Amino acid sequence: MNRRVTAGLLGYLTLFTGAAMLPSFILAAMAEEIEGAAAFLLSIFLCVAVTFELERFGGLKGKDNIGVRDGIAVTGLGWFLVSMLGTIPYLAGGYLNLIDSFVESFAGFSGTGATVFEDVEILPKSILLWRSVSNWIGGLGIVVIFMALLSQFGRGAMFILRAESTGPTKERQMPRIRDNAKAIFKIYVGLTIICAVSYFLCGLNVFAAINHAMTTIATGGYGIYNSTVNEYGNAYLEYCMSFFMIVASGSFAMYAVAVSQGLKVIFQNMEFKTYLQIIFVATVAVALDLFFEMKLDLEFAIRSAIFHVTSLSSTTGFVAHDFDMYPPISKAFLLMMMFLGGCAGSTAGGLKVARIILLFKFVSLIVKQKIHPQLINQIKLNGRVVDENIVYGAAKFFLVVVMMDIAFAFVMMFDGIDFVNSISVSVSTMASVGPGFGIEGATSTYALLPNLSKIFACIFMFLSRLEVFSVLVLFTPLFWNNPKGW
Amino acid sequence: MDKKIIFYFVGNSLSAFSITFLLPVVYALTAMKDFYTTIHFFVLGVAAGFSGIFFIFLGKNHKRRLPVAESAVAMLLIYPALAIFGMIPFLYWLSPLDALLDTVSNLTSAGISLLPGTAEYIFRLWQSVLMWFGSLIFLILLVTIMPEVGGCFGINMSLQEGQNFSPQFGQMLEISKKILKVYSFLTLISMGFFKLAGLNSWDSILMAMRCISTGGGDFFPARGSFYVEYAAIFTMLMACGNFLFLYRLIYTIPPPISHAKENIFRRTYYFFRRLKQNIFQNTKIFFTNSEVKAVLLTIFFGVWIIFFSVFYRGLVADGNEIFRYAFFHAISFLSTTGITLGDIEQSHDFEKFLIFMMAFFGGCMGSVTGGLKMIRIIVLAKVTGFEIKKTMHPQMIESIRVNGMVVPKKIVGRILCFFFIYLITLFVCSAVLSFDNLDFSGAVGMSAACLTNIGILPGICDPSDFLSLTAVGKIFCMIILIIGRMEIFAVLLIFAGLKFNRKNKKW
């Protein structure tokens with residue numbers, strides 16, 4: 001691994017993090033939030049200091065190449081470093097203790113949106129904005145945004161992007177990595193603006209509209225009110241949020257192509273169509289269950305079903321009302337939606353619909369081959385043949401996610417949390433949803449978790465955002481000590 | 001589809017099943033001295049036997065070959081056919097549906113006992129017979145039909161330790177005889193252990209059948225007896241082993257008797273020398289087998305994690321007591337037997353979840369345990385390790401080895417796929433059971449208990465939970481029990497076959 005190059009790139013990332021804190025600092029200064037302003041100033045100063053130290057040690061030169069290891073190190077260590085720096089505003093401002101600051105920052109950048117604040121309405125606006133900004137940056141990816149805005153990556157930037165991007169395939173729509181990143185970033189910003197305007201038109205004030213738009217498109221789910229969305233008293237807002245959560249669950253690369261080739265690209269995309277079909281089936285099932293079991297008004301049942309199904313499938317985690325009170329069938333469907341996640345290349349977490357499609361097709365292929373041993377058949381996705389390594393990769397990812405869920409559940413049970421709550425928090429955290437059932441239910445926060453569980457929650461949020469393997473490899477001695485340097 | 005071969009298989013199973021009625025007949029005659037009960041079981045046995053003969057007659061002139069379609073249907077029909085006769089004795093205590101559920105659970109070695117505590121001993125004995133026979137049928141299916149029906153999910157890989165197999169009839173019969181020999185032999189050994197532990201003859205037979213079949217159940221005579229518990233532990237450990245592998249090890253121990261023209265003392269000397277060599281060699285082969293090592297390692301870590309967890313919480317002060325508790329439950333649940341010592345209800349969720357996971361692991365492939373099976377766990381663990389290395393070296397070529405043999409990439413992919421199917425089945429079954437007004441943990445626990453054929457998961461799923469299900473829920477549980485025993489794939493084949501048949505395509 002080229003430590004000089006890695007340090008240099010990490011330096012740029014930390015500088016970028018400092019720059020991302022500027023809006024919050026300016027807001028704090030304008031709103032005369034002394035503590036907030038001081039906290040952000042200190043945070044920016046520390047980011048700059050870390051940047052200088054890293055640049056002193058490293059730095060990019062003209063013909064530097066970035067290899068696989070460098071890509072993994074920059075992405076993995078970069079995310080970790082940025083999340084650590086993100087804790088400083090909470091800590092320096094005295095809003096949270098050390099462990100809670102970690103949780104809030106990691107939850108923000110990983111897009112989990114699992115807050116430890118029990119009362120967010122007493123927080124200054126600068127902190128609320130920083131939470132939303134951390135969600136927004138983490139949603140698309142720190143590296144993607146950085147790559148789109150700056151040109152300081154050397155050759156081999158593909159390895160960095162690959163380590164961060166989600167989904168079974170790491171395709172790109174444009175020949176140049178930077179053009180690809182730029183196109184996706186433009187879509188991301190555009191959707192955020194459209195979403196903010198829509199929320200404003202639905203009745204939210206400007207600040208609330210911007211914050212909620214950022215966390216909706218990033219599928220993070222940080223809110224600025226304690227109450228659930230239903231308590232805003234605005235059915236149009238719920239429908240609007242549901243729409244944008246579905247949009248955020250679609251592949252941003254697909255949207256980039258749709259800009260040039262038309263909307264038909266979206267409706268021809270098999271993964272997105274499947275995702276919509278799943279949402280439809282789940283919504284109908286939950287709506288009927290709520291209507292018949294809980295005797296809710298039909299429109300309210302449908303609206304609640306749409307909202308929560310889209311919120312949990314997109315792994316945003318917004319809550320319209322306490323779905324912990326829902327009947328078991330609805331909860332089973334909602335849990336399934338959490339686990340499933342959105343489309344590959346979206347900001348949503350979870351397993352990703354593309355992987356599920358590939359795995360079901362693989363099962364179908366095995367059954368057909370058993371019945372017709374001479375059969376030659378291939379697995380296709382969006383009309384293109386998928387290599388068997390990608391299919392096996394999807395199966396391996398499924399295996400590892402389940403293993404991580406079980407491992408985290410074990411840790412929490414050891415820490416004193418009961419079986420049901422452990423499983424719920426574990427699935428919710430690994431899928432980057434945030435709210436679950438029980439102790440960390442729809443109207444609860446991560447504040448109720450013991451400290452050991454909180455620390456492990458941070459680790460697992462980090463693992464789930466970078467799709468596990470890119471982080472696990474950092475813990476192997478082979479990564480750091482290989483003398484062959486590739 | 002050749003229906004005759006299916007009838008032939010079902011008929012043979014029923015005929016063999018009819019012989020098992022002899023045991024309760026003997027008990028009723030000698031121990032109970034109850035003529036009515038004797039006649040009851042005798043008549044049932046005769047009826048089962050005649051039904052078997054009738055099906056064999058229907059299946060005469062079959063093609064002496066068992067391809068995929070017929071294998072899948074035969075596998076799924078055998079258990080219901082046996083259950084129809086097996087449930088009749090329970091009708092004295094239970095409703096027809098409960099009796100059927102109890103029977104199916106015993107045949108699939110889940111051991112969900114719905115009988116009330118006041119039920120007579122003969123019905124407990126009958127439960128044990130059902131468990132024993134059900135596991136025998138499973139073993140025979142495993143080495144004859146299941147490799148044909150399975151989707152290369154690792155069955156072949158492990159069973160090659162002991163035997164090659166094919167859908168040819170003659171070879172199936174030979175393999176079935178070997179399985180019967182080793183299964184009966186191990187049952188007799190475990191009966192001996194229980195007898196030495198202090199149980200009477202009938203209790204020894206009952207417990208040996210329950211433990212070697214990994215059926216378990218709630219009946220455990222002499223609870224609290226150190227020797228009986230360790231006899232059960234040893235039997236359950238044997239049940240975790242690959243039976244074909246054990247057959248090979250056991251039956252290759254005695255060297256052939258030499259008829260050379262040497263004096264008898266020299267021949268005896270050489271015999272015992274060869275015997276000693278064979279014992280050492282086979283012991284070495286046994287303990288160097290990857291699956292055996294994995295089972296022993298899992299038990300080791302399971303025991304010590306439970307031990308330290310209980311010790312740390314300060315629930316029990318006596319170290320011996322904790323070790324006994326941890327050791328017994330680790331093996332009981334890894335072997336998917338499910339016998340508890342009663343005090344596990346008080347344990348923490350951490351310990352319960354650990355043994356829940358051990359039930360998922362299961363024993364060796366070729367054993368009668370449920371769960372995923374250890375060889376798949378080994379492959380999955382190695383695959384994970386390789387994938388981490390492959391993240392750094394994307395062009396790396398995977399080479400996973402088990403027992404020194406390279407696992408083909410196709411098999412690795414299929415095992416990954418099986419893991420996916422298993423969990424999706426668990427999830428779907430949980431979702432369906434939640435329609436029966438079970439809460440989340442109850443639905444998942446019940447599905448897991450049925451799919452892994454363990455029957456109970458302390459604190460999560462007990463026999464009383466099954467009694468409170470609706471009729472549809474009970475029928476669904478029976479289906480899950482059979483699906484879990486048959487490793488799911490046969491059901492997928494049936495659905496796919498029906499779909500193909502509707503499109504008039506022959507298979």
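Predicted model: local features only at pLDDT ≥ 70, side-chain atom pairs only at ≥ 80, totals over all residues.
Chain A puts 49 residues into the contact and chain B puts in 54 residues. Between them the two chains bury about 4800 Å², and 82% of that is on carbon and sulfur atoms. On the chain A side, A:Lys370, A:Lys396 and A:Phe419 lose the most area to chain B, together 14% of what that side buries.

What about the polar side of things? There are two salt bridges across the interface of chain A and chain B. In one of them, B:Lys409 pairs with A:Glu388, with the closest N and O atoms 3.7 Å apart.

Which helices of chain A supply at least two residues each to the side that touches chain B? That would be helix 3 (68-85), helix 16 (328-340), helix 17 (353-371), helix 18 (388-414), helix 19 (419-430), helix 21 (469-472) and helix 22 (477-481). Helix 18 of chain A gives the most, with 15 residues. Sorted by class, the side of chain A that touches chain B comes out at 36 nonpolar, seven polar and six charged residues.

Over all chains, the whole structure has 14 salt bridges. Take B:Lys474 and B:Asp98, whose side chains meet at 2.6 Å, N to O. B:Lys474 is in helix 21 (residues 471-485) of chain B and B:Asp98 is in helix 5 (residues 96-107) of chain B, so this pair ties together parts 376 residues apart in sequence. Buried or exposed, those two? Both B:Lys474 and B:Asp98 are buried.

Another one is B:Glu229 with B:Arg324, at 2.8 Å, N to O. Here B:Glu229 belongs to helix 11 (residues 226-239) and B:Arg324 to helix 15 (residues 319-334), both of chain B, so parts 95 residues apart in sequence get tied together. B:Glu229 and B:Arg324 are buried too.

Then there's a local one: B:Glu174 and B:Lys177 form a salt bridge at 3.8 Å, N to O. They're three residues apart in helix 9 (residues 169-197) of chain B, so about one helical turn separates them. B:Glu174 counts as partly exposed, at 44% relative accessibility. Over in chain A, a network of salt bridges links A:Glu238, A:Glu299 and A:Arg303.

Last stop, A:Ser464, which is in helix 20 (residues 451-465) of chain A. Its relative accessible area is 11%, so A:Ser464 is buried. The side chain of A:Ser464 makes a polar contact with the side chain of A:Ser432, at 3.3 Å. Leaving out residues up to four places away in sequence, A:Ser464 touches A:Thr429, A:Met430 and A:Ser432.

Terms used:
Residues numbered from 1 in each chain as written. Chains lettered and ligands numbered in written order. Heavy atoms only, no water. Contact = heavy atoms within 4.5 Å. Buried area = accessible area lost by both parts, 1.4 Å probe. Salt bridge = Lys/Arg side-chain N within 4 Å of Asp/Glu carboxyl O. Helix = DSSP H or I, 4+ residues; strand = E, 2+ residues; numbered from the N terminus. Nonpolar A, V, L, I, M, F, W, Y, C, P; charged D, E, K, R; others polar. Buried < 20%, exposed > 50% of the residue type's maximum accessible area, 1.4 Å probe, protein only. Polar contact = N/O pair within 3.5 Å; in protein donor to acceptor, adjacent residues only side chain to side chain.
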